[in-house]
Amino acid sequence: MMNQLVCTGVLAAMLGLSGVGVLAQGADDVSVGRRPMTFADLQRMKRVSDPQISPSGKWVMFSVTEVDLEKNAKVNHLWVVPIDGSGAGRQERQVTFWKEGERGGRFSPDGRHVLFTATDSKSGLSQIFLATWNDRAGTMGTPTRLTNVSTEADGAVWSPDSQRILFVSRVYPECSEGSSWLEEENCDRRKESDAAADPVKAQVWDRLLYRHWDNYVGPRRSHVLVVSATDGNVVRDLTPTQDIGDAEAPTFSLGGPVGYAWAPDSHEIAYVTNVELVPAASTNNDVFTLRLDDPVAKPVRVSASLGSDDAPAYSPDGKWLAFRSQKRPGYESDRFRLMLFDREGKTTDEVLPKFDRWVDEFAWGGDSSTIYFASGVSGNEQIFSVKVDGSELNWRSYVNTNLERGEYGDLRISSDGRLLVSTRMTVSKPAEVFVTQIGVDSGLNLDDFGYLFPIYKSPVPGSLESAGYGMYKTEQLTHLNRAMLASYGIHGGGDHDGEPMEGFTFDGAGGTKVHGFIVRPPNFDEDKKYPVKFLIHGGPQGAWGDAWSYRWNPELMAASGYVVVMVNPRGSTGYGQAFIDGVNGDWGGKAYVDLMKGLDYAEQHFPFIDKTRECALGASYGGYMADWILTHTNRFACIVTHDGMFNPQSAYGSTEELWFAEWEFRQPPVAPVGKGQAAKATMDPLPAQPWNNFDKPVALDPFRKWSPMLSIKNARTPTLVIHSQKDYRLDVSEGLQLFTALQRLNVPSKMLYFPDEGHWVLKPQNSKLWYETVGDWCDRWTRTNMYAVSGYEGPAAPIAKAPDARTGQSRPAEMEESQVQPEPKVPEKASESVAPPVVREAPTARPRGAAPEKTGPAPDNKAAPASDGKATFLIAISAPIDEVRVGSDARIIITLRNLASHQILFAHRPGTNNPEFSYTIVVRNEKGRMVEETAYGRESRLQSQSEGRTVDYVQPGQSVVQTAHLGQLVNLTKPGEYTIRVTRKDPETQTVVMSNEVTLSVVP
């Protein structure tokens, strides 16, 4: 029975945005007493994906990837599980055992065979293999190789009549022009052989997109081909160069839908390609159809959008061709709309024009009147269904009587239209296979749970708020990781979902509601204080949610005794397109404020968070934001920045997909309006290119306005930089530039470099090193685990009742959304450490070479001990050049070293080379008289009491190094010898700490 209850736009109660549990199966904390999960545990888990339903509806075949950490390798095999049955009668089992692994398993529509791709043991090339299928027993026969393509074969898909197979291969496009397959294949073989034999490996480019993600493109291009299912030599290239030119077919899709499909009659295909002249700057992918029963047929474009069109899929009755579409050209994160092309009427319509979420993937229902799709909603990936006319929009993500959060994907509908098979994961469980009955379960009554769904009055038809609800019988088919999960101390695991991740909402920039999550560590104790790992997602059009990850796993991040906080700031998906667009041209603006306010909220509402031990970690856009945080606030104890953008200007020239930078760094100008009307911001219609902005003020050039590099002198926070050589999205030079700057600015820093990885760290042992290095960096600067103070070696220290001593925190509530550099607030206690005025006197000349007048302490180049041994720090100075000419730069280096067993506060003006605001610097001439000040020196002395605006932590044993330019402070216009000494008051002991004295000669 269908209960047409509807809910509010944010679905707060339903999705747990306020941390309220939804029908949790286990009330007890099942993690208590279990051991924390380790990296080795994470790698031992079986990675489930790509479920396929047999034509009989009896079996689900799926892929399982296993990791061999010792061999630094991953291998994939095919498994099956029966849909009917329970307990031991529904036991998943492996059915292929190829040494090199198998992937892409597909049942033939007639149910007689299974195909897959694997690496041929003799040639070492990926090829298509076939095996017979015994549907009664659920077993496969001995596989045989079908194809022998020199440029390899992958992505195989059966034709509906089981007679042919579509696949893709990276061929030499010039070999495909006007050629038979035999001629094309021989041409490909010759070129492959010649390239291997040629000692010169240089490449010549005459167009962009010469490299992509982690590979140089080279001379080959992806083409769609078809092969006979009974004769592997009968092959045809369906996208020859005379039809698509130098383009790729299908276009590259990062984990997205397949870019080609069969029509039900097996005589037509649809595929995706981009035939723009500069594909590096274009997202204009289009859907084309091609008749295979006409040897002279040409491809026909059926999509019309100037944005990206992809994921073609024919309806079972052949009436419709559905695909996804984006409207705005050059914007890869525009809303993915669901479109229907009427094959007879040649018209195209949008199914859900009022649905303000993305259609991430979709599958046709068996009756050709319903489409099932997955869409991100507030940190969850949910399943919906809709009629082709846009009516009867319904939620489908239910398991028995529980509304199931998490992330659903890999949607498949059985041939009879009765079953929906998918994968599902949560933050506490990796993906497993689930099956849902399409029909509503009449034995379950949603009225019993109506309190979960607030009524939304008069929702707009076709909007998210208008979606109806029903109860659909859903069962978990596979349990490959159940035993392992049951032994780990995570909030969930085994068959218990519990409350693994709490949600919260808060007011972000401009009062907009923003959503965040928190994950508690194993064996959590409310009475202890815990350090924080503040995770920042990439994209920027991405989102944290209730999902498992093998790269940035929140449960593993928490396992070492941390509270993990994640916020979905402006730009995050799942909250409507306007929220996504809020980051365009505003990278360090509203998103930064959202993040800081989200962490402020977590600190205020979760008293077990230790504000003084927080580390910010991010990758990709999250790495950019980590760089921005590094240069705009000192509230964190440490930072981890992975593959981030440090210098947007240089990143533009070294990236490959130019459309990204050309959209994201456009200046949103204010459109002129009439009197009394509000100004309206619109995106600049021209692509953003750095050379078009050099003559503009920084505020009007997003490349400079949002550049962490231009604010790097403000950096103080210990930072771990991670970057990989084969990351062509954000070139390794971005990480190298940042690390170089940090080292030269004497900011505690370390770089982890991977020569063999791309934008992600994928190799098992590299991943192990990544987790170890990141974990150690966080532990070191948050004084956790082996770095814990007071002899406490656990993950958290007992709650202290002392007042909050955190310093340098940002003040997003006081920031305008357009403000670039918010001023950190200095705690009252820090005002004690502001240096007293600098006192200087005019010099008296003496003959060159005469001995100096000894009126002060004798120069001593050894560091003076801290006064009476009670000070918490020591000051040492040195002159890199002890003889300078009049008018040249006379410098001294000032080093403050923490002698205490705890961190100390260092109040100073932002920037490195301005110690006149941090210390008393005394310069005396040969007679011992203090030297006359310059105008800048007088100004700095007068302002020194109010200019200590930033307060940093100096960790035990660590130092702060600054350079004083004496010529800016005092008049060194007369030759002679001068002595310099530096002092600073210790705010803890009230002791004035004095440095050693150095001598500087000024010559004509």
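**Figure 1. The loop holding Pro540 in the predicted model.** Pro540 sits in the loop between strand S38 (528-536) and helix H6 (554-559). Helices (H or I, at least four residues) and strands (E, at least two) are DSSP runs, numbered from the N terminus. The bond joining Gly539 and Pro540 is a cis peptide bond, with omega about 5°. Most peptide bonds are trans. This is a predicted model, in which local features need pLDDT of at least 70 and side-chain atom pairs count only at pLDDT 80 or more, while totals for chains, interfaces and linings use all residues. Residues are numbered from 1 along each chain as its sequence is written, and side-chain values use heavy atoms, with hydrogens and water left out.

Figure 2. Omega is near -5° for the peptide bond from Ala249 to Pro250, which is cis. Pro250 belongs to the loop between helix H4 (241-244) and strand S17 (260-262).

**Figure 3. Ala619 and Ser620, where strand S40 gives way to a loop.** Ala619 is found in strand S40. Ser620 lies in the loop between strand S40 (609-619) and H9. Ala619 is buried, at 17% relative accessibility. Ser620 is buried too, with a relative accessible area of 17%. Buried means under 20% relative accessible area, exposed over 50%, and partly exposed in between (1.4 Å probe, protein chains only). Phi of Ser620 is positive, near 60°, in a residue other than glycine. Most residues other than glycine have a negative phi. Beyond its neighbours within four places in sequence, Ala619 contacts Ile536, His537, Gly538, Trp552 and His642. Contact means heavy atoms within 4.5 Å. Ala619 and Val640 are 21 residues apart in sequence, and their C-alpha atoms are 8.4 Å apart.

**Figure 4. Helix H8 packed against helix H9.** H8 (residues 590-605) and H9 (residues 621-632) pack at an angle of about 75°, with their axes 11 Å apart. H8 is therefore roughly perpendicular to H9. Axes are lines fitted to C-alpha atoms, for helices over the stretch in contact, and angles run from 0 to 180 degrees between N-to-C directions. Angles of 65 to 115 degrees count as roughly perpendicular, under 35 as roughly parallel, over 145 as roughly antiparallel and the rest as oblique. H8 contributes Ala591, Tyr592, Leu595 and Met596, which meet Tyr621, Met625, Trp628, Ile629 and His632 of H9. By class, this contact of H8 with H9 has eight nonpolar, one polar and no charged residues. Ala, Val, Leu, Ile, Met, Phe, Trp, Tyr, Cys and Pro count as nonpolar, Asp, Glu, Lys and Arg as charged, and the others, Gly among them, as polar.

**Figure 5. The largest nonpolar core and the surroundings of Ile609.** The largest nonpolar core has 57 residues. A nonpolar core is a set of buried Ala, Val, Leu, Ile, Met, Phe, Trp, Tyr and Cys residues joined through side-chain atoms within 4.5 Å. Phe534, Val565, Trp587, Ile609, Met625 and Ile712 have the most contacts inside this core. H9 supplies the largest share of the core, seven residues. Leaving aside neighbours within four places in sequence, Ile609 touches Ile518, Lys529, Tyr530, Val532, Val563, Val565, Ala602, Glu603 and Glu614. Another core, of 43 residues, lies apart from the largest one, with Leu42, Ala558, Tyr562 and Cys615 among its members.

**Figure 6. Ala651 in helix H10.** Ala651 lies in H10 (residues 648-654). Ala651 counts as buried, at 4% relative accessibility. Not counting residues up to four places away in sequence, Ala651 touches Met645, Leu730 and Glu734. Leu730 is 79 residues from Ala651 in sequence, yet the two are 6.6 Å apart in space, C-alpha to C-alpha.

**Figure 7. Asp410 in strand S31.** Asp410 is found in S31 (residues 407-413). Phi of Asp410 is near 55°, a positive value in a residue other than glycine. Asp410 is partly exposed, with a relative accessible area of 22%.

**Figure 8. His267 in the loop between S17 and S18.** His267 lies in the loop between S17 and strand S18 (268-273). Its relative accessible area is 33%, so His267 is partly exposed. Apart from neighbours within four places in sequence, His267 contacts Arg164, Leu290, Arg291, Leu292 and Asp293. His267 and Asp294 are 27 residues apart in sequence and 8.9 Å apart in space, C-alpha to C-alpha.
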